Amino acid sequence: MASVPIPAYPREAKESASRNAGSLRERVRPATRAELDGVPWLRALAPAERERAQAAIVVGDAEPGDLVCRVGRPPTYWFGVIEGLLKMSKDRADGSSMTYSGLPSGGWFGEGTALKREPYRYDILALRKSIVAGLPIDDFHWLLDHSIGFNRFVMNQLNERLGQFIAAREADRLNNPDARVARNLAQLFNPVLFPGVGQLLRITQQELAYLVGLSRQRVNEALRTLQARGAIAVEYGGVRVLDLEALRSGGVFGER
């Protein structure tokens, strides 16, 4: 998702998150079988590796405004979204927020921070009720040391992430708001980074506005334009992609 300056998340939600910073940790519980079935990289592991990872994974029920990761804190888990929507961002001195990526269902994130064991350089905030999974960082490194399948998954993640941020930089330079919404939507439909999305992204126009850096009204106009040009279908509670390549390339606007 494009690294664009956007209005900060509503003040009351941020203040609630600050007051309840430890609440998500207090809601940690073992993962259910259905939740483990939604972890894409488990399928890449050998049986013994998968058994160890499944025993180590925990989940937490995040409320809107909960901070999953905070700038300056050391990583203790590698995180993924079982269900819901998070955003990766960083607050600026003027009170606005720089959004780097939306994180929908199926996405695992922060592997670079976990690899280097360095403090977070961004916040991860829940935009809605979400189920967040965590693999302890020591188990993350154990899998890196012992599992070829896991290494391949992480390598693919890093490669896709690089492509994502290159595309985000390109989207930053677009003067056409409709094209910017198209490019940013395309990032949320990335089948490697967010395999849980499929063809239907559950997202509200306000959530998309937070991620893209436009008003809800302008996002609504862009969605209508994209639908009229056959790239998406706006459905109740979400957006269905009809032409992903057109969204990625800006071809629906004649921009390539």
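## Salt bridges, a buried serine and helix packing

Glu118 is buried, at a relative accessible area of 16%; here buried means under 20%, exposed over 50% and partly exposed in between, computed with a 1.4 Å probe on protein chains only. Its salt-bridge partner is Lys116, with the closest N and O atoms 3.5 Å apart, and Lys116 is exposed at 55%. A salt bridge here is a side-chain nitrogen of Lys or Arg within 4 Å of a carboxyl oxygen of Asp or Glu.

A word on the source: this is a predicted model, where local features need pLDDT of at least 70 and side-chain atom pairs count only at pLDDT 80 or more, while totals for chains, interfaces and linings use all residues. Residues are numbered from 1 along each chain as its sequence is written, and side-chain values use heavy atoms, with hydrogens and water left out.

### Salt bridges

Searching the whole structure turns up 13 salt bridges.

| Pair | N to O distance |
|---|---|
| Arg52 and Asp139 | 3.2 Å |
| Arg161 and Glu111 | 2.9 Å |
| Glu118 and Lys116 | 3.5 Å |

Take the Arg52 and Asp139 salt bridge. Arg52 belongs to helix α4 (residues 47–56) and Asp139 to helix α6, so this pair ties together parts 87 residues apart in sequence. Helices are DSSP runs of H or I with at least four residues, numbered from the N terminus. Arg52 is partly exposed at 36% relative accessible area, whereas Asp139 is buried at 15%.

Then there's Arg161 with Glu111, another side-chain salt bridge. Since Arg161 lies in helix α7 and Glu111 in helix α5 (residues 111–116), the pair ties together parts that are 50 residues apart in sequence. Arg161 counts as buried at 10% relative accessibility, and Glu111 is buried too, at 2%.

### Ser147

Leaving out residues up to four places away in sequence, Ser147 touches Leu45 and Glu49, where contact means heavy atoms within 4.5 Å.

### Helix packing around α9

How do α8 (residues 177–188) and α9 (residues 205–212) pack? Their axes are 11 Å apart, at an angle of about 100 degrees. That makes α8 roughly perpendicular to α9, a label for angles of 65 to 115 degrees. On the α8 side, Arg180, Val181, Asn184, Leu185 and Leu188 meet Leu208, Leu211 and Val212 of α9. The residues of this contact split into six nonpolar, one polar and one charged.

Helix α10 (residues 216–228) also packs with α9 at about 100 degrees, with the axes 9 Å apart. Again, α9 is roughly perpendicular to α10. Gln205, Gln206, Leu208 and Ala209 of α9 make the contact with Arg216, Val219, Asn220 and Leu223 of α10.

Conventions:
Axes fitted to C-alpha atoms, helices over the stretch in contact; angles between N-to-C directions. Helix = DSSP H or I, 4+ residues; strand = E, 2+ residues; numbered from the N terminus. Parallel < 35°, antiparallel > 145°, perpendicular 65-115°, else oblique. Nonpolar A, V, L, I, M, F, W, Y, C, P; charged D, E, K, R; others polar.
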